[in-house]
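Visitor: I have a chain on my screen and would like to talk it through. Can we start simple?

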Amino acid sequence: MQQQIQQPETGYLPGDMALWYFLCAELGVFALLIAGSALVRISHPDLFQSGMAVLHPLAGVINTLALISGSYCVARAVICVRHQSPLAYRFFIATALTGMIYISVKLWEYQSLLSDGYSLHYDAFFTFYFLATFFHFMHVVAGVVIVLIYARALKKNGRNENSISHSESVAAYWHMVDLVWIVLFPALYFMRG
């Protein structure tokens with residue numbers, strides 16, 4: 001006998017309301033960083049172009065694919081929680097693994113740039129680059145930790161009356177991290193002045 005899917009009601013905001021306030025605040029901080037980038041791009045287009053030329057676009061592509069794959073996995077995990085499927089745990093673990101790919105690639109990229117002499121203090125472009133991407137990096141790390149903690153709790157305790165809301169909150173956080181990268185990636189690696 002197949003379980004009936006619990007469909008959200010119309011106008012339903014997934015997850016916890018407090019989380020949405022937090023996500024909006026975080027998106028505001030990222031918006032300020034991106035606005036700062038736009039000012040650097042307008043006032044010093046050559047500086048911005050020379051900084052972009054040093055970056056590793058393939059690393060950015062790999063990270064984009066990893067985070068988008070993670071968003072797919074976390075969305076599937078929420079569907080599995082709604083269906084009371086044991087596959088939810090596996091999809092949450094897959095989400096964390098995609099985050100670990102991002103972390104590994106970004107650490108390699110930081111190490112490569114730092115070993116070539118580029119740092120937070122090199123120029124205005126790299127100040128923005130390191131501030132924005134490291135702030136995002138820390139959100140990915142937090143996302144991986146949150147996903148793993150929730151996956152462990154789900155596996156240990158099983159599904160309960162709060163499982164859907166909790167899984168939606170985890171997914172909303174992950175999607176915010178993904179959304180920010182989708183804006184940062186082309187702005188840093190491909191948009192020409």
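Guide: We can go from the overall layout to single residues.

Visitor: What kind of model is this?

Guide: This is a predicted model: local features need pLDDT of at least 70, side-chain atom pairs count only at pLDDT 80 or more, and totals for chains, interfaces and linings use all residues. Residues are numbered from 1 along each chain as its sequence is written, and side-chain values use heavy atoms, with hydrogens and water left out.

Visitor: How many helices and strands does the chain have?

Guide: There are 6 helices and 0 strands. Helices (H or I, at least four residues) and strands (E, at least two) are DSSP runs, numbered from the N terminus.

Visitor: And how much of the chain is buried?

Guide: Of its 193 residues, 42% count as buried. Buried means under 20% relative accessible area, exposed over 50%, and partly exposed in between (1.4 Å probe, protein chains only).

Visitor: Which residues of α2 are buried?

Guide: In α2, residues 45-54, the buried ones are F48, G51 and M52. Seen down the helix axis, they fall within an arc of 100°, so they line one face of α2. That arc is taken from the directions from the helix axis to the C-beta atoms.

Visitor: What sits on the face turned away from the buried side?

Guide: The exposed residues D46 and A53 are carried there.

Visitor: Which residues touch the most others in the largest nonpolar core?

Guide: That core has 49 residues, and L55, F92, F125, F126, Y129 and L188 touch the most other members. The elements giving two or more residues to this core are α1 (17-43), α2, α3 (57-83), α4 (87-115), α5 (124-157) and α6 (163-189). Helix α6 gives the most, with 14 residues. A nonpolar core is a set of buried Ala, Val, Leu, Ile, Met, Phe, Trp, Tyr and Cys residues joined through side-chain atoms within 4.5 Å.

Visitor: What does L188 touch?

Guide: Not counting residues up to four places away in sequence, L188 touches M52, L55, F125, F128, Y129 and T133. Contact means heavy atoms within 4.5 Å.

Visitor: New topic: E109. Buried or exposed?

Guide: E109 is buried, at 0% relative accessible area. This residue lies in helix α4.

Visitor: Which side chains does the E109 side chain make polar contacts with?

Guide: One is the side chain of K106, at 2.8 Å. Another is the side chain of Y189, at 2.7 Å. A polar contact is a pair of N or O atoms within 3.5 Å; within protein, one must be able to donate a hydrogen and the other to accept it, and residues adjacent in sequence count only if both atoms are side-chain atoms.

Visitor: How far apart are L33 and F128?

Guide: They are 95 residues apart in sequence, and 7.3 Å apart in space from C-alpha to C-alpha. L33 is in helix α1.

Visitor: How many aromatic pairs does the structure hold?

Guide: It holds 20 aromatic pairs. Rings of Phe, Tyr and Trp (its six-membered ring) pair if their centres lie within 6.5 Å; planes under 30 degrees apart count as stacked, over 60 as edge-to-face and the rest as tilted.

Visitor: What about Y110 and F137?

Guide: Y110 and F137 form an edge-to-face pair, with 6.0 Å centre to centre and 65° between the planes. The pair links distant parts of the chain, as Y110 is in helix α4 and F137 in helix α5, 27 residues apart. Y110 is buried at 8% relative accessible area, and F137 is buried at 6%.
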